[in-house]
Amino acid sequence: MPTPQRPVLYRNGSVYSPADPFATAMLVDGDTIAWVGTEHAATNLAGPDVRSVDLDGALVTPGFVDAHAHVTETGIALGSLDLTSCRSLGDLLDAVAAAADAGATTILGFGWDESQWPGKRIPTAAELDRAGRGALVYLVRADIHSAVVSGTLAAGLGLAAVDGWTDGFVVRAAHVAARQATRRLDAEQRRSYQQAALLHAASRGYVSVTEMAAPHIAPREDLETLLSVDGPGGALPLPEVIPYWAELTSTRAEVGALMQGFGGRLAGLAGDLNVDGSIGSRTAALREPYADDQESRGTLYLTEEDVAAHLMATTAETVQAGFHVIGDAGLDVVLRGLERTARELGIVEVRRARHRLEHVEMADDAAIAALVHFGVAVSGQPVFDALWGVEGGLYEQRLGDRRAGMNRFASLLSAGVLVALGSDSPVTPLDPWASVRACLQHSSGAENISARAAFIAHTRASWRLSGRSPMMGQLAPGTPASFAVWQVDELMVQTPDNRVQSWSTDPRAGTPLLPALDTENAPRCLQTVHGGVQLFAAEGFPAA
C-alpha cells in the first residue's frame, strides 16, 4: 500500500484567509485545508508526522481561476512568433523575415496591434510573401478576430473569393478559413500544445482555466483531447479545465444531446458563441458607426431569433447558456432574446439557468439593470482596458468619446452583477495579477475597483460562475486545498479611490493583505497546488 502523505504545515508567511486576516500559517491535510492561524499556534502543530515548509515571508492565496481562455491556442501562441512588441509595420516584417531566414516554411504569429504603429498600416499579402521568402504566413491580430496572411497561403485556400478578404487582411469567413487551415493538428500535437499551456498556467498561479471551446474555433476532438489531459488525477498534474461548448441550439433535444457529450463534463453551452466580433477588427456590433470608419457599425453574427431560440432551449433544460458580446448593439440583441425567453418561460426559470456573457465591453446603465433583472453574470477581461483604454489608444481611435463607457467593472459590481475575470488567453497573457492591477488602474476612474474585489472576481467568483462548490476559492478549515504561494515585495490593503490613502498595513483594519502591485517586482509564483496535488514548484522551493 502507498505510504499516506504527511500533512504539510506552511508557516512564517502570510495567508490570505477569511477565517483569520492575521494568519501566518496553514496546515494542509491531503486535499483539504485543515487549519489556518498564527505562528505561535503553528508551533504546537509541528512534529515528526508533519512536514513543515518555511514560507520565508511568502504569501499564500487561493489559486486563480481564469474565467475565459483558449488552451490549445495558448499553447500554439507560446511556440509561435510573439508580435506583441512590434511597434511598426517594419518590426512585424522583420520578425517574419527572421523566421524565414531560420528556415521556417510555415510562419505563425500572434499579438500584433497596428493601432499604435506610425501610419497604422498593416502588411499586404505581397509584403508578407517577400518577408516570408514564399513561406505560408498567418499572423493573427491581438484580438484574434482577424489576421494577415501571405499570398501563398491565400492562393492555396482561395481566400480572395471568400467574404472578409482584403489584400492579405482576413476577417469573418476568410479568417475562419485561414485559421482552420493552420490548425490541422493530430491528437498528439493537440495534447502537446494543451499540456504546454496548462503547465504555463500552473506556473502563473492558476489552479483552473475555463476553456471556451466552439466549433468555429476548433473541432470537437480538440476539447475531447483537452478533457483527457487536465486535472490533478492525471499522470501529469495540471490545472483543472472547466469546459464550455459554444454550439448554437434551438431544441431541448439538441441541448440534452450536447450536454451528455464530452464525458458529461460541460459546464454549459456558452462562451464564444459570437453575437458579434471585436473592437480592434471593427466587427463588434455598434449602435453608432465607428469613429474611424463611418461606413461601418460592425457585424452581427447571430440574429435575435437565433439568440432567443438558444436561450429558450437551454433555459428549459436549466443549462447555462451564454454568448460572446462586445458592442452595445450586440448586447441589445442578447437582451431582447432574454426578454423573449422570460415572456415564454418566466423570469424565475431564466434566473435559475444562471446564463453568462463574455466581455460585455459596452454596457450602459439600462443594459446593466437588465443583466441584474435576468440574473446574468459577466466574464470580463481587465487587461483589455489596460492595453486599449489609454488616451489615444485603440478604443479612442475606434470609438471616440465612447471609450469612457468601456469595461464598466465598478458599475456592474455595484449593481449586483456577478463578475468573474479572465485573460481571453492568448489575447492577453496568463497573468492574474496584471488583471487585478488593471482593475485598480482603470482608464476611467469611476470604474476602478479595489484589489480585494478584483481578487475575489478572479478566484471565488470564477468558480461560482461555472456553478462549482461555494467552498472553492477560499482558504479556511474544511475548504479544498487549492492555492498558490507568492514571493512579494510588500503586502497592503488597496483601494481604488485616489482621494484617500490607497493602502494600509494597520492590523486593526482586519482585512487580509494582498501584494502591492506598484513595486519594482511583480508577485512571483513559487508553488501551485490544486486538490492537495502540486501542479508547479519554482526552482529552490520545497517541493511536495
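## Cores, pockets and cavities

The largest nonpolar core has 77 residues, and F323, L357 and L371 touch the most other members. Helix α11 (residues 328-345) gives this core its largest share, six residues. A core here is a set of buried Ala, Val, Leu, Ile, Met, Phe, Trp, Tyr and Cys residues joined through side-chain atoms within 4.5 Å, where buried means under 20% relative accessible area with a 1.4 Å probe, protein chains only. Helices (H or I, at least four residues) and strands (E, at least two) are DSSP runs numbered from the N terminus.

A word on the source: this is a predicted model, in which local features need pLDDT of at least 70 and side-chain atom pairs count only at pLDDT 80 or more, while totals for chains, interfaces and linings use all residues. Residues are numbered from 1 along each chain as its sequence is written, and side-chain values use heavy atoms, with hydrogens and water left out.

Back to L357: leaving aside residues up to four places away in sequence, L357 touches F323, V325, L331, V334, L371, V376, A377, V378 and S379, with contact meaning heavy atoms within 4.5 Å. Another core lies apart from the largest one; it has 30 residues, including V140, I144, V149 and L153.

On a 1 Å grid over the protein atoms alone, a cavity is a set of points where a 1.4 Å probe fits but cannot get out, and a pocket is an open set with protein on both sides within 12 Å along at least five of seven lines; lining residues have an atom within 4 Å of a point. Points are joined across faces, edges and corners, and a volume is the space filled by probe spheres set on them.

| Space | Volume | Closest to the centre |
|---|---|---|
| Largest pocket | about 640 Å³ | D82, T84, G111, V427, P429 |
| Second largest pocket | about 460 Å³ | H145, R179, H216, I217, N274 |
| Largest cavity | about 120 Å³ | T72, E73, I217, A218, D222 |
| Second largest cavity | about 80 Å³ | D143, S278, I326, F384, W388 |

In the largest pocket, α2 gives the most to the lining, with three residues. For the second largest pocket, helix α6 (residues 172-181) gives the most, with five. Helix α2 turns up again at the largest cavity, where the largest share of the lining, four residues, comes from α2. The second largest cavity gets two or more residues each from α14 and α15 (394-399). By this rule there are four cavities of 30 Å³ or more.

Definitions and conventions: Buried < 20%, exposed > 50% of the residue type's maximum accessible area, 1.4 Å probe, protein only.
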